[in-house]
Amino acid sequence: MVKTTMIARVSDALPLAASIDDEQVEMELKEYKSQAKLIFRKLNLNSEKRCSIESGSYVFHYIIDHGVVYLCICERNYPRKLAFTYLDDLSKEFFMSYGNEIDRPGLRPYAFARFDTFMQNTKRMYQDTRTQSNLTKLHEDLQDVTKIMTKNMEDLLYRGETLDNLQGKSELLLRDSARYRKTARDVNLQALYRKYGPPAIILFVFLLVIYWRFWWY
Amino acid sequence: MVMGGGIQQRAASPMIRPANLPPPGSPGMPRPFQSPQIQNRPPSGQFASQGQQTAPGSPAINPMGFMSGPPNGQNRSQPPTPRMQHQQQQQHQGPPTSQQLHQQHQQPLHQQQQQPLHQQQHPSQPQPPPQFGQHQQQQQPHPPMGQDLGLMAGPPTPTPQAGAQKSKRLYPAGINAYAEPPAYETAPSSHGFQHPGVPASHQASGMQIQPPAHGSQFFVPGEKQAPAFRQPVPAYQQGLQPLQGQPVQPNINQLAGQMGGMNLGNAGYGGAQGIVPLSTVALMGTAPKIYDLDAPPPPIRLPETASITQSPFANCDPSYKRSTLNAIPATSQLLTKSRLPFGLVITPYRSVKEGDEPVPVVSDSIIARCRRCRTYINPFVKFVEGGQRWKCNMCYTLNEVPSSFDYDSQTQQPVDRWQRKELNHAVVEYIAPTEYMIRPPQPLVYMFVIDVSYPAVQCGMVATAATTILESLDRIPNDEGRTKVGIITVDSSIHFYNLKAASGEPQMMVVSDLEEAFLPQPQDLLCNLSECRPVLEALLNRMSDMFKDTHNVGNALGPALNSAYKLVSPIGGKILCLQASLPNLETGALKMREDPKLLGTAKESTLLQSASSFYKSLAVECSKSQVCVDMFLFGSQYSDVATLSCLPRFTGGSTFFYPAFTAAKSEDALKFAHELAEFLSQRIALEAVMRVRASKGLRMSAFYGNFFVRSTDLLSLPNVPRDQSYSIEVSFDDNLSIPVVCFQTALLHTSSSGERRIRVLTLALPVTTSLSELYASADQVAITTLLACKGVERGMNAKLDDARDALTNKVVDILGVYKTHMTASSSGATPNLQICDNLKLLPLLTLGMLKHVGLRGGSQIPSDLRSYAMHLLSTLPSQCLIPFLHPRFYSLHDMPEHCGTIGDHGIEMPQPMNLSSERLSRSGLFMLEDGQNIFLWIGRDAVPQLCMDLFGVPDYQSIRGGKTTLPTLETDFNQRVNLIVGKAREMRRTSYYSQLYIVKEDGDAALRLWFLSHLIEDRAEPIMSYYQYLGYLKDRVNSGSF
């Protein structure tokens, strides 16, 4: 079932409305809600219009419509088709009610919090997947859900991080190799000294003796 | 006298605001605005250091050094040599006469005229001798200034290089002319010459202030000089901060005349002694001057340039926040010495009635805060570095000024930062951006928990409540259509109502398992008001009939509150609990514990403490999930107000108590209906937190009021009702070395229209080192409010005797210290008791507290009434608390003709009288009102004509005493009295509706005694009369026992 719904403006991730959840959901979804806010911040007008993102035991479904992103958090087993139909319903109603106000400058956060009433009612209609109306919706080909991309939350959130990691590691490697080169040169030099040092000294002493013996006087 | 002038001046000073400034954003812009600060900062710095380091009057702070000018008019004709100057000055180093002061003040003017002229005459000679001499002397006072500037007023250009580099930008506004003399020496470039030239030409032409046309050819912002020069003028006229008297004043001649008259020179430089008029009055022998109860608090004597804008709203209005001391002692020793209580009385969410100034709202969500101490930008910060940064006035950290202060990126237009509301108003509201919310702003939620047990139905509470709620449905704030409502009724079982039943009929569900009360269905018990309106109306219409035959005397309030909490806690909101019987089932059951034997003994306070821990722990839970509980208690018998008012106390709610309520009496029903309706229609604030920040060195140490203290200084208020007051005690961490102290209260809340907002109240107060100024600035009303809170706390936790003793001891301390340090008779007995004028009503108000129901001794007062009175004492704002302690008493039979008619300021009220039964006459009609009750006292020998005119009955015998409503008659007198009663009910910011009682002189003895107990100047066993009390205080003071 749909756990929670959030609506935000795509251009600046300004939250426009959100459903008010009961305490239990609030506790469960604390982490996921902050992830949703991260998603809002990553989205831009060129992002995919419809997408599902898996994260833990929940799935985020979102659609972007007229510069507004509608996102809901559902349980994994909730049919995607229903979730997207639900979001479509929301987007239609929202655009009809507040469409011309969305881009008003100086809009305060959660300016359309009163949309919650509609969200609660719609959510309730979609609550039970086995009601007749929902079954009909499932069977109708309203939505081609198969084409909607599914991503993984980790990929989405941590992609940047892996790149950073990689860069960090390569830098480390570069530094290490430079140090290795220096040490290797030192070691080579030492080996050279060790190998040719004693004979050279002996030769030098010998020559010195010869010189002292024959040419000194 | 001086003070009054100062205030007027301040109020009239907006014209001084630097209005003709260049468009902000231009590179050289903001500097000029600083000029006033820079000019005036040195005196305040001087002032502070003077108080701490040197004794007043010592040579180090001789005014001469500061005035820095050759002391006679000789150099008008020819500049003297430096040595000459020096000698002349030394001659004058004795105590200056007022004539000398004249001259000194005129002197700098001559310098100004001379100096540029001289420089122009000898352009090749940058430092002519006379100037050099001056500079040395001018520099003498400068080191402290430099230090101070470093602390508070931005870049002071202390080093030559800095001065030279920055001179381009810093130049205008005539700063250098007198505030930065080093600039002459270090930068005698074209700037150095040209600049003084401009003011000189002004002064030469009769000191007229006009934008110099020729000045602008050298540096563009020449016009800015006008404000800069005009700025300090009021400082002289005002006479409050004579230290600001800078040597250069354009119209100094005229001002100097005033100076002589006011003898300011002495006052200003010789210490703070003379600044504040401290008029000592004798208390004994005269009736207290009760007209001063409504007088405004002592003026706040801030330095003229403490605020960066000259807005009249730059400092906080006392109705929002007032301090017990309008001048803050610089050290904790001084505070301890004075024995004055130090605290704040805050009413952040007071109601705004017609004619009041609405709170300005900053709607562009640009919130500038100090990054270190999180202070919000306010009119008392300083802009430094050419306006690029601002210096926090609490912790002195430099912060970036948001670029949107000067440039609006949406309209691509420069904007004037001086128009911003947060820089002009001390009380502002910000619309909070997303960072201030962890979830969407919550909607309003009203959950009614109504007692429907036999006593409740019997007294008519259920019917009255149902009708009132029904009638108030339209008045419940519901701007966005999100408000939710739910109803639970409770007797020995809990009844829930499905407000969205398909049939359109309310559906009742009974849960009788109290041990594990569960919610019978997950939704629709709490419904959107607009959607469930028809069902709700049907339910409320039927409610009085539904239970009319009940005989159930059980009441399970505890489980019902738990269920209500479960319903409301996901969203947060309000639980209104209407309770007419003592809860007697399951958790939260209370026992009848009133014991007349305990009353009046040391154990009485146990009756004032909570009997069950359930309510306190529930309150803490509620506070966490933003649920507020309000209690409407109806007691035919004991109803344990002490325990039940625990819930509102920790959740920011309110308690209403209706002793011996019967709806059969229309007055009772009217009072309850009026208060409930007002309460429901209040535009309250939700899910709020409040924090008070203060300048470094001060700390909030104790909090009184209805809230829960979440961390050390964060007050959590699930709901903020209108007009509830909070008192906070302030203590010292460290001594203060700053001239101005700021207190900033921030209330982050959700308004009832669903907006997240921050209300910020900024109060700036001067710091003083003088005991006399401290006393002259003490606010007796705020002190009383704070003492009432402390007394109540003491009375609840310890003994009522202790509370009363503590109050009296406090007054004795204050009077004693005042006598020792402020009057001539420092030791030994004196025939009279003396105190400064602004504290003269403190003994009377303290006596009012001692005689008040909340704290009075004796075994006559039921603990319910006492608890309720204590609740009121600790939550009423000053405006309502003072009449509550010292009721207004009017004589109606001989009031002047115009009283009771509608005049210029609404309905004219008669003059209040002293609360003494001497004023009562046998044939008179008197009115006494304390904000909760109105008494009409009618004498035994009232003439029949009066009875006829007012009550429509032939004679005195036919008047019925007790709770009543005045009839409305055609007679002029009746209409006037009705108007006066009506005005008394609505003249304060409160939702309480005063009950009217008619007291006959020979009528019901209990009622008569109750009325007489309000006459606090009289002797009422066992407490003294006012004069006896004064005598007692005097004896204590004279014996030195403080």
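This is a predicted model: local features need pLDDT of at least 70, side-chain atom pairs count only at pLDDT 80 or more; totals for chains, interfaces and linings use all residues.

1. The interface between the two chains involves 25 residues of chain B and 19 residues of chain A. About 1700 Å² is buried between chain B and chain A, and 55% of that area lies on carbon and sulfur atoms. On the chain B side, the residues that lose the most area to chain A are Pro440(B), Glu480(B) and Pro570(B), which together account for 27% of what that side buries.

2. The rule finds 4 salt bridges between chain B and chain A. In a salt bridge between Glu755(B) and Arg108(A), the N to O distance is 3.1 Å. By class, the side of chain B that touches chain A has 10 nonpolar, 8 polar and 7 charged residues.

3. Over all chains the salt bridge count comes to 46. Within chain A, Glu75(A) pairs with Lys3(A), with 3.7 Å between the closest N and O atoms. This pair links distant parts of the chain: Glu75(A) belongs to strand E5 (residues 68-75) of chain A and Lys3(A) to strand E1 (residues 2-9) of chain A, 72 residues apart.

4. In chain B, helix H21 (residues 557-568) packs against helix H23 (residues 613-624) at an angle of about 5°, with the axes 12 Å apart. H21(B) is therefore roughly parallel to H23(B). H21(B) contributes Leu557(B), Gly558(B), Leu561(B), Asn562(B) and Tyr565(B) to the contact, while H23(B) contributes Phe614(B), Tyr615(B), Leu618(B), Glu621(B) and Cys622(B). The residues of this contact comprise 7 nonpolar, 2 polar and 1 charged.

5. How do helices H28 and H32 of chain B lie relative to each other? The axes of H28 (residues 780-797) and H32 (residues 878-885) of chain B come within 10 Å and cross at roughly 75°. Because angles of 65 to 115 degrees count as roughly perpendicular, that term applies to H28(B) and H32(B). From H28(B), the contact uses Val781(B), Thr784(B), Thr785(B) and Ala788(B); from H32(B), it uses Ser878(B), Leu881(B), Ile882(B) and Leu885(B). The contact has 5 nonpolar and 3 polar residues, and no charged ones.

Key:
Residues are numbered from 1 along each chain as its sequence is written. Chains are lettered from A and ligands numbered from 1 in the order in which they are written. Side-chain values use heavy atoms; hydrogens and water are left out. Axes are lines fitted to C-alpha atoms, for helices over the stretch in contact, and angles run from 0 to 180 degrees between N-to-C directions. Helices (H or I, at least four residues) and strands (E, at least two) are DSSP runs, numbered from the N terminus. Angles under 35 degrees count as roughly parallel, over 145 as roughly antiparallel, 65 to 115 as roughly perpendicular and the rest as oblique. Contact means heavy atoms within 4.5 Å. Ala, Val, Leu, Ile, Met, Phe, Trp, Tyr, Cys and Pro count as nonpolar, Asp, Glu, Lys and Arg as charged, and the others, Gly among them, as polar. Buried area is the accessible area (1.4 Å probe) that two parts lose on being put together, summed over both. A salt bridge is a side-chain nitrogen of Lys or Arg within 4 Å of a carboxyl oxygen of Asp or Glu.
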